[in-house]
Amino acid sequence: MAETTLQRIKQYIDYKGVRVSAFERKIGMSNGSFASQLKKNKTIGLDKLENIVKIYSDIDLDWLLSGSGNMIKLNILEENDGRFYKKIGKSEDNPDIPLYDIQTTSGIIDLFGDNENQKPADFIRVPKTSNCDGALYVAGDSMHPLLKSGDIVMYKKIFNLENNIIWGEMYLVYVNNDGNESFFTRYLKQSEREGYVQFVAQNPDHQTIEFHVSNIKALALVKGFVRTNSLF
(Lines give C-alpha, C1' and ligand atoms only; values in the text may rest on other atoms or scores of the structure.)
Protein backbone atom coordinates (compact mmCIF):
# COMPACT_ATOMS: atom_id res chain seq x y z
CA MET A 1 0.00 0.00 0.00
CA ALA A 2 1.36 3.40 -0.98
CA GLU A 3 2.33 5.75 1.82
CA THR A 4 -0.16 8.57 2.38
CA THR A 5 0.42 12.25 3.09
CA LEU A 6 -0.95 11.75 6.61
CA GLN A 7 1.58 8.96 7.23
CA ARG A 8 4.38 11.25 6.08
CA ILE A 9 3.09 13.98 8.40
CA LYS A 10 3.26 11.45 11.26
CA GLN A 11 6.88 10.69 10.32
CA TYR A 12 7.64 14.40 10.48
CA ILE A 13 5.91 14.78 13.87
CA ASP A 14 8.00 11.89 15.24
CA TYR A 15 11.16 13.38 13.77
CA LYS A 16 10.50 16.78 15.41
CA GLY A 17 9.53 15.20 18.73
CA VAL A 18 6.29 17.22 18.74
CA ARG A 19 3.22 16.07 20.65
CA VAL A 20 0.34 15.29 18.28
CA SER A 21 -2.03 17.43 20.35
CA ALA A 22 0.31 20.43 20.08
CA PHE A 23 0.69 19.84 16.34
CA GLU A 24 -3.09 19.75 15.93
CA ARG A 25 -3.54 23.04 17.76
CA LYS A 26 -0.86 24.78 15.71
CA ILE A 27 -2.30 23.84 12.33
CA GLY A 28 -5.93 24.38 13.33
CA MET A 29 -7.15 20.80 13.76
CA SER A 30 -9.44 19.76 16.61
CA ASN A 31 -8.05 17.58 19.39
CA GLY A 32 -7.74 13.95 18.30
CA SER A 33 -8.75 14.60 14.70
CA PHE A 34 -5.33 13.88 13.22
CA ALA A 35 -5.07 10.46 14.85
CA SER A 36 -8.63 9.67 13.76
CA GLN A 37 -7.97 10.64 10.13
CA LEU A 38 -4.70 8.72 10.11
CA LYS A 39 -6.37 5.57 11.47
CA LYS A 40 -9.17 5.79 8.89
CA ASN A 41 -6.69 6.48 6.07
CA LYS A 42 -8.40 9.74 5.16
CA THR A 43 -6.94 12.79 3.43
CA ILE A 44 -6.05 16.15 4.92
CA GLY A 45 -7.52 19.46 3.78
CA LEU A 46 -5.57 21.91 1.64
CA ASP A 47 -5.92 24.64 4.27
CA LYS A 48 -4.25 22.38 6.85
CA LEU A 49 -1.44 21.53 4.43
CA GLU A 50 -0.87 25.24 3.86
CA ASN A 51 -0.68 25.79 7.63
CA ILE A 52 1.83 22.94 8.03
CA VAL A 53 4.14 24.34 5.34
CA LYS A 54 3.83 27.85 6.79
CA ILE A 55 4.39 26.91 10.44
CA TYR A 56 6.95 24.13 9.91
CA SER A 57 9.03 25.83 7.25
CA ASP A 58 11.80 23.20 7.22
CA ILE A 59 9.54 20.50 5.74
CA ASP A 60 10.03 19.79 2.03
CA LEU A 61 6.74 20.25 0.15
CA ASP A 62 7.58 17.72 -2.61
CA TRP A 63 8.31 15.07 0.02
CA LEU A 64 5.14 15.93 1.92
CA LEU A 65 2.90 15.56 -1.12
CA SER A 66 4.60 12.75 -3.05
CA GLY A 67 7.19 11.12 -0.79
CA SER A 68 10.01 11.91 -3.22
CA GLY A 69 13.22 13.56 -2.10
CA ASN A 70 14.03 14.40 1.52
CA MET A 71 11.81 15.18 4.47
CA ILE A 72 13.82 18.26 5.44
CA LYS A 73 14.90 20.96 3.01
CA LEU A 74 18.61 20.54 2.39
CA ASN A 75 19.20 24.29 2.64
CA ILE A 76 17.58 24.50 6.08
CA LEU A 77 19.88 24.49 9.09
CA GLU A 78 18.65 25.64 12.46
CA GLU A 79 21.05 28.25 13.80
CA ASN A 80 19.20 29.36 16.91
CA ASP A 81 21.70 28.14 19.48
CA GLY A 82 25.07 29.82 19.70
CA ARG A 83 26.53 26.85 21.57
CA PHE A 84 26.60 24.83 18.36
CA TYR A 85 26.16 27.05 15.34
CA LYS A 86 28.02 29.88 13.72
CA LYS A 87 26.29 32.29 11.40
CA ILE A 88 27.60 32.20 7.87
CA GLY A 89 27.85 35.47 5.94
CA LYS A 90 27.98 35.76 2.18
CA SER A 91 31.60 36.83 2.23
CA GLU A 92 32.77 34.01 4.51
CA ASP A 93 34.50 31.07 2.88
CA ASN A 94 33.27 27.58 3.60
CA PRO A 95 36.17 25.44 4.84
CA ASP A 96 36.90 22.03 3.39
CA ILE A 97 35.35 19.27 5.51
CA PRO A 98 37.46 16.12 6.02
CA LEU A 99 35.60 13.04 4.77
CA TYR A 100 36.34 9.73 6.53
CA ASP A 101 35.60 6.29 5.11
CA ILE A 102 35.50 4.13 8.24
CA GLN A 103 33.99 0.65 8.29
CA THR A 104 34.60 -0.47 11.89
CA THR A 105 33.42 0.61 15.33
CA SER A 106 37.02 0.80 16.52
CA GLY A 107 37.78 3.25 13.72
CA ILE A 108 34.82 5.40 14.78
CA ILE A 109 35.98 5.35 18.39
CA ASP A 110 39.44 6.48 17.35
CA LEU A 111 37.99 9.21 15.13
CA PHE A 112 35.81 10.56 17.91
CA GLY A 113 38.72 10.37 20.31
CA ASP A 114 42.07 11.95 19.55
CA ASN A 115 41.67 11.52 15.76
CA GLU A 116 45.42 10.94 15.39
CA ASN A 117 45.20 7.57 13.64
CA GLN A 118 42.44 8.40 11.15
CA LYS A 119 43.29 10.16 7.92
CA PRO A 120 40.62 11.68 5.65
CA ALA A 121 39.80 9.78 2.47
CA ASP A 122 38.91 13.09 0.83
CA PHE A 123 37.63 16.60 1.50
CA ILE A 124 34.25 18.08 0.63
CA ARG A 125 32.87 21.61 0.56
CA VAL A 126 29.18 22.34 1.05
CA PRO A 127 27.92 25.90 0.50
CA LYS A 128 26.22 27.74 3.38
CA THR A 129 27.15 25.11 5.93
CA SER A 130 28.47 26.22 9.30
CA ASN A 131 31.75 24.79 10.55
CA CYS A 132 31.82 20.98 10.82
CA ASP A 133 34.43 18.71 12.39
CA GLY A 134 34.13 16.08 9.68
CA ALA A 135 31.95 13.91 7.49
CA LEU A 136 31.27 10.16 7.36
CA TYR A 137 29.68 7.70 4.97
CA VAL A 138 26.43 6.27 6.31
CA ALA A 139 26.24 2.51 6.83
CA GLY A 140 23.05 0.56 7.48
CA ASP A 141 19.37 1.38 7.06
CA SER A 142 18.29 2.60 10.51
CA MET A 143 17.52 6.11 9.20
CA HIS A 144 15.96 5.03 5.89
CA PRO A 145 14.30 6.64 3.96
CA LEU A 146 15.73 9.95 5.22
CA LEU A 147 19.25 8.54 4.94
CA LYS A 148 20.44 5.57 2.93
CA SER A 149 23.66 3.59 3.01
CA GLY A 150 26.33 5.51 1.11
CA ASP A 151 25.04 8.98 1.97
CA ILE A 152 27.48 11.39 3.60
CA VAL A 153 26.64 13.02 6.94
CA MET A 154 28.44 16.11 8.20
CA TYR A 155 28.88 16.36 11.95
CA LYS A 156 29.96 18.60 14.82
CA LYS A 157 31.30 17.02 18.00
CA ILE A 158 29.33 17.78 21.17
CA PHE A 159 30.78 17.98 24.66
CA ASN A 160 29.22 18.29 28.14
CA LEU A 161 26.46 15.91 27.02
CA GLU A 162 24.02 16.35 29.89
CA ASN A 163 23.60 20.06 29.10
CA ASN A 164 24.09 20.19 25.35
CA ILE A 165 21.82 17.55 23.82
CA ILE A 166 19.09 19.10 21.67
CA TRP A 167 16.20 16.66 21.95
CA GLY A 168 14.72 15.52 18.64
CA GLU A 169 17.86 16.20 16.59
CA MET A 170 19.90 13.54 14.78
CA TYR A 171 23.25 12.48 16.22
CA LEU A 172 26.14 10.12 15.65
CA VAL A 173 26.58 8.30 18.97
CA TYR A 174 29.26 6.00 20.33
CA VAL A 175 27.95 3.92 23.26
CA ASN A 176 29.84 1.65 25.64
CA ASN A 177 27.37 -0.41 27.66
CA ASP A 178 29.06 -2.87 30.04
CA GLY A 179 31.94 -3.29 27.59
CA ASN A 180 29.69 -3.66 24.53
CA GLU A 181 30.66 -0.95 22.07
CA SER A 182 28.15 0.29 19.51
CA PHE A 183 27.84 3.16 17.05
CA PHE A 184 24.45 4.60 16.10
CA THR A 185 22.93 7.23 13.85
CA ARG A 186 19.70 8.14 15.63
CA TYR A 187 17.35 10.86 16.80
CA LEU A 188 17.85 11.45 20.52
CA LYS A 189 14.76 11.96 22.66
CA GLN A 190 14.35 12.40 26.39
CA SER A 191 13.30 9.25 28.19
CA GLU A 192 10.67 9.11 30.90
CA ARG A 193 13.35 7.45 33.03
CA GLU A 194 15.61 10.00 34.67
CA GLY A 195 19.10 10.07 33.22
CA TYR A 196 18.21 7.91 30.21
CA VAL A 197 18.15 8.79 26.52
CA GLN A 198 15.97 7.26 23.81
CA PHE A 199 17.64 6.31 20.52
CA VAL A 200 14.96 6.58 17.83
CA ALA A 201 15.38 5.28 14.27
CA GLN A 202 13.63 6.65 11.19
CA ASN A 203 13.14 3.11 9.87
CA PRO A 204 10.09 1.55 11.60
CA ASP A 205 11.78 -1.86 11.44
CA HIS A 206 14.29 -0.66 14.06
CA GLN A 207 13.05 -0.50 17.64
CA THR A 208 13.59 2.46 19.94
CA ILE A 209 16.24 1.64 22.55
CA GLU A 210 17.42 3.44 25.68
CA PHE A 211 20.81 3.98 27.29
CA HIS A 212 21.86 5.90 30.36
CA VAL A 213 23.60 9.14 29.45
CA SER A 214 26.75 7.88 31.20
CA ASN A 215 27.02 5.12 28.55
CA ILE A 216 27.41 7.73 25.81
CA LYS A 217 31.15 8.11 25.31
CA ALA A 218 31.12 10.32 22.21
CA LEU A 219 28.45 12.38 20.49
CA ALA A 220 28.24 14.44 17.32
CA LEU A 221 25.35 16.48 15.95
CA VAL A 222 24.41 15.69 12.34
CA LYS A 223 24.40 19.12 10.68
CA GLY A 224 23.56 18.02 7.16
CA PHE A 225 23.93 15.27 4.61
CA VAL A 226 24.83 14.75 0.98
CA ARG A 227 23.33 12.13 -1.32
CA THR A 228 24.81 10.79 -4.54
CA ASN A 229 22.12 9.25 -6.70
CA SER A 230 24.42 8.11 -9.49
CA LEU A 231 28.02 6.95 -9.64
CA PHE A 232 28.49 7.82 -13.33
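This report covers the nonpolar cores and the salt bridges of a predicted model.

**Nonpolar cores**

The largest nonpolar core has 39 residues, and the members that touch the most others are Ile9, Phe112 and Leu136. Several elements give two or more residues to this core: on the helical side, helix 1 (5–16), helix 2 (20–27), helix 4 (46–55), helix 5 (61–66) and helix 6 (105–112), and among the strands, strand 4 (152–158), strand 5 (170–177) and strand 9 (216–226). Helix 1 supplies the largest share, five residues.

Another core, of 15 residues, lies apart from the largest one and has Leu161, Tyr171, Val175 and Phe199 among its members.

**Salt bridges**

The structure contains five salt bridges. Side chains of opposite charge can pair when their charged atoms come close.

| Pair | Closest N and O atoms |
|---|---|
| Lys10 and Asp14 | 3.0 Å |
| Arg125 and Asp96 | 3.0 Å |
| Glu210 and Arg193 | 3.0 Å |

The pair Lys10 and Asp14 sits within helix 1, where the two residues are four residues apart, about one turn of the helix. Lys10 has a relative accessible area of 27% and is partly exposed. Asp14, at 35% relative accessibility, is also partly exposed.

Where in the chain do Arg125 and Asp96 lie? Arg125 is in the loop between strand 2 (122–124) and strand 3 (134–137), while Asp96 is in the loop between helix 5 and strand 1 (97–100). This pair links distant parts of the chain, its residues being 29 residues apart. Arg125 counts as exposed because its relative accessible area is 54%, over the 50% cut-off. Asp96 is partly exposed at 43% relative accessibility.

Glu210 is partly exposed, with 28% relative accessibility. Arg193 is partly exposed too, with a relative accessible area of 44%.

Conventions
Residues are numbered from 1 along each chain as its sequence is written. This is a predicted model: local features need pLDDT of at least 70, side-chain atom pairs count only at pLDDT 80 or more; totals for chains, interfaces and linings use all residues. Side-chain values use heavy atoms; hydrogens and water are left out. A nonpolar core is a set of buried Ala, Val, Leu, Ile, Met, Phe, Trp, Tyr and Cys residues joined through side-chain atoms within 4.5 Å. Buried means under 20% relative accessible area, exposed over 50%, partly exposed in between (1.4 Å probe, protein chains only). A salt bridge is a side-chain nitrogen of Lys or Arg within 4 Å of a carboxyl oxygen of Asp or Glu.
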